[in-house]
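Hi,

Here is the model I promised to pass on. Have a look at it first, and then read my notes below.

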Amino acid sequence: MELIALGDRGQDMIRAVTYERQSHKSETDSQASPKMQRDKSVAYINSQDNWSHVDVDYSDIGISGYDPNVYRPGFERLLEDARARKFDVVVIYMLSRLTRQGAAEALKIQQELANHGVALVSTQEPFINTSDDNPFGVAFFALIAGLAHQESKNKSKFIRDAFAELKARGSHSSGPVPYGFKAEPIQVDKITIRKLSPGPRHGGDIGADSMPADVVEYVISEAESGAKANAIASDLTEKGAPTPLYSLDEDHANARREAARQRRKSGKTDSAGNEWSSTVVTRILRDPRLAGFAVASTDGKTRRRTILRDEQGQPVQPHEGFITPTRWYGLQKLLDGRKRERNMDRAGTMTFLGSWGALRCGTCGCGMTVANADGTYVCNLRRSVGDAPRHVTRIAMGEADKVVASMLWEKVATLDPEDDNDVALLATAAERFATQGADPEAAAELAEQDAQLEHVQQSMRELYEDRDEGLYAGPTGRASFRDTIRKYQQHEARCTQRIDELRASANTAIQLPIDEWFEGSDGGDPLSEGGLWSRWDIADKRSFLSLFSDSITVNPATTRRGTAWERALGRLEVDWAKPAEPNEGNESVSA
């Protein structure tokens, strides 16, 4: 390889150009800054005798020097002008700016320049100088090129390993921050991860000035109240609430718009423009990060984000969510159509028996709602469904409340510890009393474990369905299926064991305060004026009823004789609480 003779060219000035490259688009004072590279190179040119700077832009910004498949327009223009002999020297800041592909590629570039009489000089590596001013330049050039290539390989491996470690710990390590969240670095076992937490809120009514976190809370609240995703989307669009698109920076927003355009071209639909869509609302509600979970890959079939799990199958939960895991699991049931009961009636009021699943129609078995206009509980089936004929079942709210309360307290007062049925009822009520809050921590944990168990079993069913449809074909697919189902099964077993432990503890450690309930009222009658029942609010009454009752059935009216009390008493039938079978509703899912 020959050195390039610059001193005897018989020309007044040696023409010199610069080349700059930066992998990520930013403008800082770091060594990667294109401006800094150019300033250093121009300063070097000006320091040389008989050198003249040819001010042509040959830079590549936001382009890798490592990937051989990446097209670099500035670099290609540089080589084209070198072949046309438009300059004599190329000045670079460091060899890594020219290429990171190794010695062979670097020497190939140097030889291409040399073939057209162009020398290469580095401002920070004086031994890289292929002009005749430095006879050792070529040897050093090859050495430094090899070192630059090894540095890039080491750096890439380090980045891959670090990313895998962060992902395993649930760090939000790439991509835009989810809508409504903020991200901040925290230390976990001497590793910095990005923790998500709800972003700032303005509060008040939802509108154009609302913060994304306000909108997320509103979406959750509306969904838990029974509103459908399309209704929520229409409502948010009408209110002018900021969409996830508005919350992104310009680059990410443009990428989302382009993706949406491509989907529409292929016949699929998504959030067109900046209006809210049911797809976007559902995506927010399905996101496990709402409950603080880390997310793994997106399910290829349902397009839902899945919960990241550790080697023991436990959910990884590094973030601070908008809602508790128990609420999130309940929300998923609601979205799946597996949980439709509401705590309030359509008018937003709470009644003792209506609209929460306690009162069932004796004709069709459905839950009864509230008709506030005439003060009744009602089931209005407007058309025949299956074996259930079209019908209207109605009972006066006031009389039904009084009769059920009377039947309930009479049952509690006459429980016989020698009667097997009553003993079973007492045991069931004691367990429910424990989980209602006598031990708040145990109650919260039991609710959490129940919800986790149901969710993981549903995930297992979906996974088996995907396998049966051929989505896990081939050695790699089968290995992925086995690994995922193993984690699910481990988590299922732990949940089942813990649920059994909590329920057993509740049965042995908790006793019902029956004497206190009766002694807390004048004359020992909880239903007397000023008694315990009158002092409890609706939520307390519902909780007490659910201790001893699974449901109350309202049978059709068969007579108009007797008082309103007698007619209601003849129509109401209490289904007293029954102990759960071992792991009832939690059967293990198997292949």
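First, the ground rules. This is a predicted model, so bear in mind that local features need pLDDT of at least 70 and side-chain atom pairs count only at pLDDT 80 or more, while totals for chains, interfaces and linings use all residues. Residues are numbered from 1 along each chain as its sequence is written, and side-chain values use heavy atoms, with hydrogens and water left out.

**The whole chain**

The protein chain has 19 helices and 16 strands. Those are DSSP runs numbered from the N terminus, with helices being H or I of at least four residues and strands E of at least two. Of its 591 residues, 41% count as buried. Buried here is under 20% relative accessible area, exposed is over 50%, and partly exposed is in between, using a 1.4 Å probe and protein chains only. As for contacts (heavy atoms within 4.5 Å), take those between residues at least 6 apart in sequence: 63% of them join residues at least 24 apart.

α7 covers residues 229–239, and its buried residues are A229, I232, A233 and L236. Looking down the axis of α7, these buried residues fall within an arc of 100°, so they line one face of the helix. (The arc is that of the directions from the helix axis to the C-beta atoms.) Among the elements covering them are α6 (212–224) and α10 (278–286).

The axes of α7 and α10 come within 8 Å and cross at roughly 110°. That angle makes α7 roughly perpendicular to α10. For the conventions: axes are lines fitted to C-alpha atoms, for helices over the stretch in contact, and angles run from 0 to 180 degrees between N-to-C directions. Under 35 degrees counts as roughly parallel, over 145 as roughly antiparallel, 65 to 115 as roughly perpendicular, and the rest as oblique.

Which residues do the touching? On the α7 side they are A229, N230, I232, A233 and L236, and they meet S278, V281 and T282 in α10. The residues of this contact divide into five nonpolar, three polar and no charged. In that scheme Ala, Val, Leu, Ile, Met, Phe, Trp, Tyr, Cys and Pro are nonpolar, Asp, Glu, Lys and Arg are charged, and the others, Gly among them, are polar. Just after α7, G240 takes a positive phi of about 75°.

α2 (73–83) has G74, F75, L78, L79, D81 and A82 as its buried residues. They cover an arc of only 165° around the axis, which puts them on the same side of α2.

Just after α2 comes R85, with a positive phi of about 55°. R85 sits in the loop that leads from α2 to β5 (89–92) and is partly exposed, at a relative accessible area of 47%. N50 also has a positive phi, near 65°, and is a residue other than glycine. N50 is in the loop between α1 (34–47) and β3 (51–53), and is exposed at 52% relative accessible area. For context, most residues other than glycine have a negative phi.

**Some single residues**

Q124 is in the loop between β6 (119–122) and α5 (137–168). Its relative accessible area is 38%, which is partly exposed. Leaving out residues up to four places away in sequence, Q124 touches K40, Y93 and M94. M94 is 30 residues away along the chain, yet the C-alpha atoms of Q124 and M94 are separated by 5.8 Å. The side chains of Q124 and T123 are joined by a polar contact of 3.3 Å. A polar contact is a pair of N or O atoms within 3.5 Å; within protein, one must be able to donate a hydrogen and the other to accept it, and residues adjacent in sequence count only if both atoms are side-chain atoms.

L335 lies in helix α11 (residues 325–336) and is partly exposed, at 29%. Setting aside neighbours within four places in sequence, L335 is in contact with L285 and R286.

Towards the other end of my list is α18 (538–548), where K541, R542, F544, L545, L547 and F548 are buried. At its start, a side-chain oxygen of D537 reaches to within 3.2 Å of the backbone nitrogen of A539.

Cheers
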